[in-house]
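Hi,

Here is the structure you asked about. Please open it first, then read my notes below.

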Amino acid sequence: MHSTYAYPRFGYRRSPDQDAPERARHPVVIVGAGPVGLSTAIDLALQGVRVVVLDEDDTVSIGSRAVCYAKRSLDIWDRLGVAAPMVAKGVGWQHGKVFHHDHLVYEFNLLPESGHKMPAFINLQQYYLEDYLVQRARGLPNIELRWKHKVLGVAPAEDGVTLQVETPDGVHALEAEWLVAADGARSAIRRQLGLEFKGQVFRDRFLIADVVMQGDFPAERWFWFDPPFHREQSALLHKQSDNVWRIDLQLGWDADPEEEQKPERVIPRLKAMLGEDKPFELEWVSIYTFQCRRLDRFVHGRVLFVGDAAHQVSPFGARGANSGLQDAENLAWKLRLVLDGLAPAGLLESYDAERVLAADENILNSTRSTDFITPKTPMARALRDAVLDLARDHAFARPLVNSGRLSMPSTYADSALNTPDAAGEDFAGAMVPGAPCTDAPVLKEGRPAWLLEQLGFDFTAMLFAETPAQAQAVAAWAARQAIPVRVLAVAPDAATAAACAAAGLPAVEDHGGLVARRYDARPGTLHLIRPDQHVAARRRRFDPAAFDDALARATGRAPAALEHAA
Amino acid sequence: MSRLDLSPRLTAPDAFLAALTERLRGLDEAETRAFSARLILLLANQVGDQAALEEALEIAAGGQEA
Ligand SMILES: Cc1cc2nc3c(=O)[nH]c(=O)nc-3n(C[C@H](O)[C@H](O)[C@H](O)COP(=O)(O)OP(=O)(O)OC[C@H]3O[C@@H](n4cnc5c(N)ncnc54)[C@H](O)[C@@H]3O)c2cc1C
């Protein structure tokens with residue numbers, strides 16, 4: 001099927017559970033080894049949680065699906081120790097062009113700011129992505145991957161879930177204290193629980209094709225509205241790995257999906273786009289309709305929905321896998337703390353609240369893009385075309401051009417886990433409570449390193465240290481906590497960094513001042529950062545009681561101050 | 001509290017309406033839509049403020065009902 005990629009076969013293996021006299025019980029069972037299930041498994045495993053992953057298949061994603069992964073996803077995968085092969089294999093890009101008819105309307109650059117470890121975006125076929133995730137998962141003793149294990153049914157109870165699992169050897173039952181449903185857009189678990197998946201299906205069809213060619217197109221995202229080679233419709237061209245180019249052609253609602261997949265229909269369309277005498281090889285064709293929908297709630301007792309099983313978006317904006325991955329990282333640390341008895345199960349309510357909000361943000365953005373690409377009334381079409389006409393000559397209209405608002409991580413601005421800034425402490429910039437941490441270059445022991453690499457899997461108390469004594473005070477506070485908290489001293493100069501390190505504290509030097517600038521920090525400023533690298537609280541001065549409260553709040557416990565008040 | 005300025009602001013009301021009508025004369029339905037769409041976007045950008053624009057949308061929608 002693909003000349004550039006050989007699909008692995010992971011193979012079925014009988015698990016000891018199938019021969020056990022008693023029904024096996026596992027702390028966490030994840031159903032679905034797609035990008036989201038695998039990432040959840042790796043995150044949990046690296047935090048010391050044993051996980052069993054069940055998948056009905058025994059290979060990676062077939063054909064052409066997800067292509068673009070955003071910087072935030074790469075930051076997360078870097079923490080999971082799997083970004084390097086993705087970035088090495090993927091095609092880095094940050095520029096995009098939008099065309100209308102035969103002229104360029106607009107160009108954009110996604111990461112105008114330098115000083116980040118990860119690129120703005122990479123393009124990589126989903127099968128490679130999953131391949132690397134499986135390889136990473138296989139190297140972790142806490143993960144057991146069970147292929148050809150299809151979940152037929154689930155029976156939730158107060159303290160766990162019983163699953164019926166079908167393998168080539170027949171059906172067996174299994175128990176999970178917590179079940180993570182990562183079984184994709186057609187989630188059988190969702191259906192089994194009778195949960196409604198609400199939203200809209202767009203009345204349009206898209207042809208998705210992968211072609212191999214020695215392209216002289218640059219590694220940029222090119223999007224056309226109503227181009228001469230595909231009148232009245234839109235087109236998208238993206239470079240993937242191995243000289244495989246991804247093409248999305250809008251076909252309209254009336255297109256016949258069967259007919260349109262035939263090479264004799266597809267090849268002339270592609271020739272019109274790429275040039276009559278441009279040699280290419282067609283690797284993959286499929287036809288999609290897109291939808292935007294979600295579950296009402298992602299937490300149903302002991303069943304936790306992540307990724308496409310919880311929400312589905314149209315692909316404009318590349319928000320599917322990217323947002324599913326943020327579900328994974330949001331859930332993993334909370335589930336770990338609950339399993340370890342360090343946080344109440346109620347902490348998982350914040351997974352629901354934060355990720356439902358994020359899903360709404362993603363659905364809103366991808367719905368708007370879809371509406372711009374497929375206007376629903378003659379006037380909507382006129383407005384869309386007016387934007388494109390005006391954008392060519394007038395800068396004001398360019399922000400209105402919407403060929404996909406590319407995936408950005410959500411800021412959980414109103415999350416119950418946040419501690420609001422103290423009255424009178426003014427902070428500028430984007431690193432508000434609830435925001436995902438931004439990267440910056442630092443020096444560690446005098447060598448170039450990155451800020452996000454220093455954050456790890458626990459809470460981090462990041463102090464802009466003037467003196468080692470200050471950092472030691474924070475470390476003493478951290479050591480008193482039941483919840484693991486790391487301390488990171490960010491020092492303004494090499495001498496302070498060395499002095500902190502000599503005192504046994506992890507320390508980096510903010511040699512370019514970028515950490516201070518991006519976090520609007522002054523000497524003495526302290527940020528409490530969640531394990532998923534979102535800011536929980538910040539103060540200009542370290543105050544142990546304030547941070548006791550902030551940590552309690554960020555882990556779903558009532559802050560002491562409130563308890564006393566009650 | 002209105003952000004949209006609903007007091008008379010046009011410097012030459014008759015001339016504006018005449019010019020607008022003149023521009024629309026002879027246009028077919030599709031051309032009228034295209035022209036109106038471009039005009040709405042140009043004027044909306046001049047207003048800029050989202051709250052004021054939403055107010056304008058609200059008033060315009062009410063006008064339709066009446
Ligand atoms: C055309 C297209 C383009 C896209 N482009 C992008 C993009 O550029 N960027 C992006 O981020 N996203 C993109 N997406 C979305 C992305 O592909 C999905 O969001 C992503 O695959 C979701 O991952 P997941 O792990 O939640 O589910 P899936 O990848 O669907 O994985 C579900 C897994 O569950 C298994 N499974 C299902 N049922 C059972 C069962 N009963 N028992 C056991 N196992 C089961 C399946 O075998 C599968 O492995 C695109 C999607 C499409 C269709």
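Ten residues of chain A and nine residues of chain B make up the contact (heavy atoms within 4.5 Å). Between them, chain A and chain B bury about 830 Å². Of that, 84% lies on carbon and sulfur atoms. Buried area here is the accessible area (1.4 Å probe) that two parts lose on being put together, summed over both. On the chain A side, M379(A), L390(A) and F396(A) lose the most area to chain B, together 49% of what that side buries.

This is a predicted model, where local features need pLDDT of at least 70, side-chain atom pairs count only at pLDDT 80 or more, and totals for chains, interfaces and linings use all residues. Residues are numbered from 1 along each chain as its sequence is written, chains are lettered from A and ligands numbered from 1 in the order in which they are written, and side-chain values use heavy atoms, with hydrogens and water left out.

Chain A and chain B share one salt bridge (a side-chain nitrogen of Lys or Arg within 4 Å of a carboxyl oxygen of Asp or Glu). It joins the side chains of D389(A) and R38(B), at 3.1 Å, N to O.

Now helix 4 of chain A, residues 126-138. Helices are DSSP runs (H or I, at least four residues), numbered from the N terminus.

Best wishes

Notes:
Helices (H or I, at least four residues) and strands (E, at least two) are DSSP runs, numbered from the N terminus. The expected span of a helix is 1.5 Å times one less than its number of residues.
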